[in-house]
Amino acid sequence: MDKGTPESVSAVAPAKINLVLRVGPPDASGYHPLTTVFQAVDIWDRVTVSSAHKDELTVVGAGDLSGVPLDYSNIVWRAVEALAERTGVRHPVGIQVEKNIPVAGGMAGGSADAAATLVAVNAHWDLGLDHQALREVARTLGSDVPFSLQGGLAIGTGRGDQLTPMTRTTPLHIVIVRSSGQLSTPEIYRRLDILREGRSWTLPRPDELGLAQLGHLGPRDVAHVAANDLGDAAVAAMPELAESLRAVTEAGALAALVSGSGPTIWGIARDRAHAEDITDRVVQKGYLAQATSATDRGTHLD
Ligand code: C5P
């Protein structure tokens, strides 16, 4: 690296929820085509990359980190290798991941870490890749990584990696309830296939669902449109989620849903004060909850 290279560079990437997650039957490769609406929310993982004599990964954070691998199977190293392959540049690097997004919680925490690594390493090694190039690399790392990079609000089709950005004109305040356990995404998709066995499914298109308007709807209308085809499969895998969903609704949320493949739950509030009130009520019942809101931002240097 040249003398102008900074000692360390940090990037932050947002968590996501799916306002709508409709799942079609699996294709020949076993992947399920999606019609989804991704929304970035104001919970961020931070990745700091530093010059080092050898590769090193540390993961810090207040939540349960037991599901985070510390070896080369961690998605941040796959992001580093994908950049190296694309550019021919590979330096040893120290990576610190500060986790605020629930681990294996259905909020794309791993994808956020991958996206933040792409942005931080691109800057640290002065690779000069533009957003389009980073998005191409992101796509090779996982279905949710392109969205984690882009953030904001977007319709996702294909595997969720074909994105149509949308504008948000109304605020969206929500409550996130963490679960103590973790769920595996492929396992939840498999369970969905089992739940649907013997029935035929077609995947609705975004225009059939009227999704283009979602960024302009008030919370009651969002609650009406919100849906998650993976919800029943997640509850089947972790039956106590039924109780968490009920607790969030009883606390006054306009709707409560599983986030992605779970087990995080999210609830829709009328406004910020309402989100805080719902949070207080579910915390009193012993849940780990926080109020947060939609963000227009995506992964960026910090
Ligand atoms: O792409 P990602 O790493 O997020 O997916 C993990 C696994 O989840 C896939 O290997 C696949 O089994 C399942 N999956 C799926 N359909 C999707 C996304 C994920 O079947 N649209």
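This is a predicted model: local features need pLDDT of at least 70, side-chain atom pairs count only at pLDDT 80 or more; totals for chains, interfaces and linings use all residues.
Where in the chain is the place of P263? P263 sits in the loop between β9 (256-258) and β10 (265-268), and a cis peptide bond joins P263 to G262.

**Aromatic pairs**

- Two aromatic pairs are found in the structure.
- F38 and F147 make a stacked pair, because their ring centres are 4.6 Å apart and their planes stand at 15 degrees, under the 30 degrees that stacking requires.
- F38 belongs to strand β2 (residues 34-51) and F147 to helix α4 (residues 145-150), so this pair ties together parts that are 109 residues apart in sequence.
- Both partners are hidden from the surface: F38 is buried with a relative accessible area of 0%, and F147 counts as buried at 1% relative accessibility.
- Y72 and W77 form a tilted aromatic pair, with 5.2 Å from centre to centre and 50 degrees between the planes.
- W77 of that pair counts as buried, since its relative accessibility is 3% and the limit for buried is under 20%.

**Charges over rings**

- R159 places its charged end over the ring of Y31, at 3.7 Å from the ring centre.
- R196 has its charged end over the ring of W201, and here the distance to the ring centre is 3.9 Å.

**Helix packing around α3**

- Helix α3 (residues 131-139) packs with helix α2 (residues 109-124) at an angle of about 135 degrees, and the two axes are 10 Å apart.
- That angle makes α2 oblique to α3, and the crossing of these two helices is right-handed.
- Where do α2 and α3 meet? On the α2 side you will find L118, V119 and N122, and on the α3 side L134, V137 and A138.
- Helix α1 (residues 75-87) also packs with α3, at an angle of about 125 degrees and with the axes 10 Å apart.
- α1 and α3 are therefore oblique to each other, and α1 passes α3 in a right-handed crossing.
- This contact brings A82, L83 and R86 of α1 together with A133, L134, E136 and V137 of α3.

- S148 has its place in helix α4 and is buried, with a relative accessible area of 1%.
- Which residues touch S148, leaving aside its neighbours within four places in sequence? The contacts are P14, A108, S111, A112, A115, G298 and T299.
- A233 lies in helix α8 (residues 231-237) and counts as buried at 0% relative accessibility.
- Leaving aside neighbours within four places in sequence, A233 is in contact with I188, R191, L192 and L195.
- L195 is 38 residues from A233 along the chain, yet the C-alpha atoms of the two are separated by 7.3 Å.

**Backbone details**

- The cis peptide bond between G262 and P263 has an omega of about 5 degrees.
- A108 has a positive phi, near 65 degrees, in a residue other than glycine.
- A108 is found in the loop between β4 (93-99) and α2, and it counts as buried at 11% relative accessibility. A108 is also one of the contacts of S148.
- D126 is not a glycine either, but it has a positive phi of about 55 degrees.
- Is D126 buried or exposed? D126 lies in the loop between α2 and α3 and counts as exposed, because its relative accessibility is 59% and the exposed class begins over 50%.

Conventions: Residues are numbered from 1 along each chain as its sequence is written. Side-chain values use heavy atoms; hydrogens and water are left out. Rings of Phe, Tyr and Trp (its six-membered ring) pair if their centres lie within 6.5 Å; planes under 30 degrees apart count as stacked, over 60 as edge-to-face and the rest as tilted. Helices (H or I, at least four residues) and strands (E, at least two) are DSSP runs, numbered from the N terminus. Buried means under 20% relative accessible area, exposed over 50%, partly exposed in between (1.4 Å probe, protein chains only). A charge sits over a ring if NZ of Lys or CZ of Arg is within 6 Å of the ring centre and within 35 degrees of the ring normal. Axes are lines fitted to C-alpha atoms, for helices over the stretch in contact, and angles run from 0 to 180 degrees between N-to-C directions. Angles under 35 degrees count as roughly parallel, over 145 as roughly antiparallel, 65 to 115 as roughly perpendicular and the rest as oblique. A crossing is left-handed if the near helix is turned anticlockwise from the far one by less than a right angle, and right-handed if clockwise. Contact means heavy atoms within 4.5 Å.
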